[in-house]
Amino acid sequence: DHNVANLGSAVTLKDLESGEEMEFSIVGSAEVNSLEFKISNESPLGKAMIGKKRGDIIKVDFMGSEVKYQVLDVKRY
């Protein structure tokens with residue numbers, strides 16, 4: 001399903017606190033490149049995105065702080 005985030009998906013997120021929008025590609029650990037916003041499916045954010053679709057809210061713990069994102073779009077790259 002191309003509407004559900006998985007390995008090989010590009011996911012656009014909106015930080016619900018700052019309003020910032022960003023797009024991440026979910027890749028395997030060998031393909032990670034932070035400069036290209038390619039994150040591992042095993043990272044905390046990558047794990048949180050797997051199985052999500054447009055409109056879902058993701059909660060991720062970053063260094064003891066919970067960050068909430070809304071999924072704006074999911075597509076295959």
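Lys75 is partly exposed, with a relative accessible area of 39%. In this predicted model, the side chain of Lys75 meets that of Glu23 in a salt bridge, at 3.4 Å from N to O. The pair links distant parts of the chain. Glu23 lies in strand S2 and Lys75 in strand S5, 52 residues apart. Glu23 is likewise assigned as partly exposed, at 37% relative accessibility.

The salt bridges number 3 in total. Another of them joins Asp73 to Arg54, with the closest N and O atoms 2.5 Å apart. Asp73 has a relative accessible area of 22% and is partly exposed. Arg54 reaches 58% and counts as exposed, because the exposed class begins over 50%.

A further salt bridge pairs Lys38 with Glu36, their closest N and O atoms lying 3.3 Å apart. Lys38 is partly exposed at 28% relative accessibility. Glu36 is also partly exposed, with a value of 47%. Phe37 is placed in the loop between strand S2 (21–27) and strand S3 (38–40). Its phi is near 60 degrees, a positive value in a residue other than glycine. The relative accessible area of Phe37 is 44%, so this residue is partly exposed.

Strand pairing was examined next. Strand S1 (residues 9–15) runs antiparallel to S5, and 7 bridges join the two. Within this pairing, Ser9 has Arg76 as its bridge partner in S5. S5 also pairs with S4, again in antiparallel fashion, through 6 bridges. Here Val60 stands opposite Val67 of S5. In a regular strand, side chains alternate between the two faces of the sheet.

S4 and S5 form a hairpin with 2 residues between the strands. Met63 is found in this loop, between strand S4 (57–62) and strand S5 (65–76). Met63 is not a glycine, yet its phi is positive, at about 50 degrees. Met63 is exposed, with 88% relative accessibility.

S5 is bridged to S1 and to S4.

Conventions
Residues numbered from 1 in each chain as written. Predicted model: local features only at pLDDT ≥ 70, side-chain atom pairs only at ≥ 80, totals over all residues. Heavy atoms only, no water. Helix = DSSP H or I, 4+ residues; strand = E, 2+ residues; numbered from the N terminus. Buried < 20%, exposed > 50% of the residue type's maximum accessible area, 1.4 Å probe, protein only. Pairing = 2+ DSSP bridges. Salt bridge = Lys/Arg side-chain N within 4 Å of Asp/Glu carboxyl O.
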